[in-house]
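Please read the points with the sequence and the structure in view.

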Amino acid sequence: MTQPDHSKIINKTAKKIFGVYGIKQKGQSRIWLDDNGWFTTIIEFQPFRGRQGTTLNVGVNFNWYENEYFSFDIGYRQDVDFVEYNGNDERFLGEVEKFCKIALNKILKYREWFKDLHNAKFHILNHTFTSENIWGSYHKGMICGLTNEFDKRNDYFKKILKNTETFEWITELKNRVNFFTTDLNKQNDFTEKIIEIIEITRRVKKLPERKIKLSE
C-alpha cells in the first residue's frame, strides 16, 4: 500500500533527525523506538481518524513485564496541537521538524534519567503514574528490588496484593509479585529473573537481541 504524502514527509524527516541517534522506525509505521535494553522510548506521530496530519506522543516503556505491545509508562501526549496536512508540503515539513526536535529532547532527557539504576530509581519513585497503586507500585517495586531495597520493594508489591479486583490481568500481576516477594529475596536471584523477563519481553516485541545490563 502506498503511503500518503504526509506520512512520507513524517517518515523522511524523522529518519533524517533520529537516524544519527540510533532511533529506529518500527516497520513502516509512524512509530519510532529508542531502544535502551531494559526500557524503550516510544515516539508516535499519531494520526486522527478522518484527518490527514499528526500529533505527537513520547514516552518510556519499561520492558520488565511481558507484553507484546508498547505502553506509555512515563510520558505520553505532548503539549502540541494536531498539525493538519493541507497539501502544503513545506509548511507541514516545518511542523514535523518541530515535533521531531521536541521528541529528540525528550529522548535525550530519558536517556539521562535512566542511564543507570541509581538515576532511574530517583525518577521512578518520584513519578506519579496514571495507575499509581497498580502499575506505579509495580514499577517502583521493581526498581527498589534491582537496587537491593527489598523491604521497600515488598511494600510497593503489597499494595498490588491488596487489590480486590478480579480481572485476569490483575490476578496474573498479583501472582507475579507474590512470587517475587516469597521466592526472590536475594539480589542476584532477583536481578537474574528480571533480566530473563526483559529478554522474553524484547522477543515478543520483536526487538533485536542484545546484552541486558542492569547496573548502578
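1. Glu149 is partly exposed, with a relative accessible area of 24%. The model is a predicted one, and this accessibility, like the other values below, is computed from it. The side chain of Glu149 meets that of Lys121 in a salt bridge, at 2.5 Å from N to O. This pair links distant parts of the chain, since Glu149 lies in the loop between H4 and helix H5 (150–161) and Lys121 lies in helix H3 (residues 117–125), 28 residues apart. Lys121 itself is buried, with a relative accessible area of 17%; the limit for that class is under 20%.

2. Salt bridges that share partners also join Asp35, Arg202 and Arg210 into one network. Within it, Arg210 forms a salt bridge with Asp35, and the closest N and O atoms are 3.6 Å apart. Arg210 belongs to the segment after helix H7 (187–204) and Asp35 to strand S2 (residues 31–35), so the bridge ties together parts that are 175 residues apart in sequence. Arg210 is partly exposed, its relative accessible area being 38%.

3. A further salt bridge brings together the side chains of Glu112 and Lys115, with a distance of 2.8 Å from N to O. Glu112 counts as partly exposed at 44% relative accessibility, whereas Lys115 counts as exposed at 51%. The boundary for the exposed class is over 50%. In total, the structure holds 11 salt bridges.

4. Which residues of H5 are buried? They are Phe150, Arg153, Asn154, Tyr156, Phe157 and Ile160. Viewed down the axis of H5, these buried residues fall within an arc of 165°, so they line one face of the helix. The length of H5 may be checked as well: at 1.5 Å a residue, its 12 residues should span 16 Å, and the end C-alpha atoms are 16 Å apart, which agrees.

5. The largest pocket has a volume of about 350 Å³. It is lined by 15 residues, and the closest to its centre are Asn67, Ser71, Asp73, Trp135 and His139. Strand S4 (51–62) and helix H4 (132–146) are the elements that give two or more residues to this lining. By class, the lining of the largest pocket comprises 7 nonpolar, 6 polar and 2 charged residues.

6. The second largest pocket has a volume of about 200 Å³. Of its 14 lining residues, Asn36, Trp38, Phe114, Lys115 and Lys213 lie nearest the centre. The lining of the second largest pocket divides into 6 nonpolar, 3 polar and 5 charged residues.

7. A last point concerns Thr128, which is placed in the loop between H3 and H4. Is Thr128 buried or exposed? Thr128 is exposed, with a relative accessible area of 63%. Thr128 and Ile74 are 54 residues apart in sequence, and their C-alpha atoms are 8.8 Å apart in space.

Note on methods
Residues are numbered from 1 along each chain as its sequence is written. This is a predicted model: local features need pLDDT of at least 70, side-chain atom pairs count only at pLDDT 80 or more; totals for chains, interfaces and linings use all residues. Side-chain values use heavy atoms; hydrogens and water are left out. On a 1 Å grid over the protein atoms alone, a cavity is a set of points where a 1.4 Å probe fits but cannot get out, and a pocket is an open set with protein on both sides within 12 Å along at least five of seven lines; lining residues have an atom within 4 Å of a point. Grid points are joined across faces, edges and corners, and a volume is the space filled by probe spheres set on the points. Helices (H or I, at least four residues) and strands (E, at least two) are DSSP runs, numbered from the N terminus. Ala, Val, Leu, Ile, Met, Phe, Trp, Tyr, Cys and Pro count as nonpolar, Asp, Glu, Lys and Arg as charged, and the others, Gly among them, as polar. A salt bridge is a side-chain nitrogen of Lys or Arg within 4 Å of a carboxyl oxygen of Asp or Glu. Buried means under 20% relative accessible area, exposed over 50%, partly exposed in between (1.4 Å probe, protein chains only). The expected span of a helix is 1.5 Å times one less than its number of residues. The arc is that of the directions from the helix axis to the C-beta atoms.
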